[in-house]
Amino acid sequence: MSPLALYVTVIAIVLVLAVALRFLILVPTRACIQCDKVVAVTAPSCRHCGHRYTAEDRELMRSRAEGRARQPAPEPAPMTSGPVAARPARPRTGVPRLECIRCGGEVALTALTCRHCGHRYSAAELARMRPVSNTRGR
């Protein structure tokens, strides 16, 4: 076997193993308290919405994850062909929220950017933003 063929074979094996290990090694995850997308447990902030986690946020997410682990899986709803009812408003997660000054979307008090329009807030803009009510519609 030529040295070039051997080199290509070794590189291909290493790449295949790296991809396989990426899917075999499971990183513990949790749901972000602002955008509900999955992030790593060790992440200091959400990579989707930019929310920075405080100690209280981490405690809230940990208690939620433990509660979900203890609950049995819900039974699937029967399939119906009728109209789908709107989801009722659900209570907030306990994180204070503000209204974005550019688009009017809801963002967490600690967010540096709007998850809806992507606007990056200055300190003066954060001071002018208004808090929103205690329930939201989904």
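**Charges, rings and a surface patch**

By the rule used here, the count comes to one salt bridge. Keep in mind that this is a predicted model. The notes below start with that charged pair, then turn to rings and the surface.

**The salt bridge**
- Side chains of opposite charge can pair when their charged atoms come close.
- Here the partners are Glu99 and Arg130, with their closest N and O atoms 3.0 Å apart.
- Glu99 has 26% relative accessibility, so it counts as partly exposed.
- Arg130 comes in at 53% relative accessibility, so it counts as exposed, the cut-off being over 50%.

**Rings**
- Search the whole structure for aromatic pairs and you get zero.
- There is still a ring to look at: Arg30 lies over the face of Tyr53, at 4.6 Å from the ring centre.

**The nonpolar patch**
- Leu4, Tyr7, Val8, Ile11 and Leu15 make up a nonpolar patch on the surface.
- Together, these residues have about 530 Å² of accessible area.
- To place one of them, look for Leu15 in helix H1, which covers residues 3-24.
- Is Leu15 buried or exposed? Its relative accessible area is 53%, and exposed means over 50%, so Leu15 is exposed.

Note on methods. Residues are numbered from 1 along each chain as its sequence is written. This is a predicted model: local features need pLDDT of at least 70, side-chain atom pairs count only at pLDDT 80 or more; totals for chains, interfaces and linings use all residues. Side-chain values use heavy atoms; hydrogens and water are left out. Patches are made of residues with over 30% relative accessible area and no salt bridge: like charges are joined within 9 Å, nonpolar side chains (Val, Leu, Ile, Met, Phe, Trp, Tyr) within 5 Å. Accessible areas come from the Shrake-Rupley method with a 1.4 Å probe; for residues, only the protein chains shown count as cover. A salt bridge is a side-chain nitrogen of Lys or Arg within 4 Å of a carboxyl oxygen of Asp or Glu. Helices (H or I, at least four residues) and strands (E, at least two) are DSSP runs, numbered from the N terminus. Buried means under 20% relative accessible area, exposed over 50%, partly exposed in between (1.4 Å probe, protein chains only). Rings of Phe, Tyr and Trp (its six-membered ring) pair if their centres lie within 6.5 Å; planes under 30 degrees apart count as stacked, over 60 as edge-to-face and the rest as tilted. A charge sits over a ring if NZ of Lys or CZ of Arg is within 6 Å of the ring centre and within 35 degrees of the ring normal.
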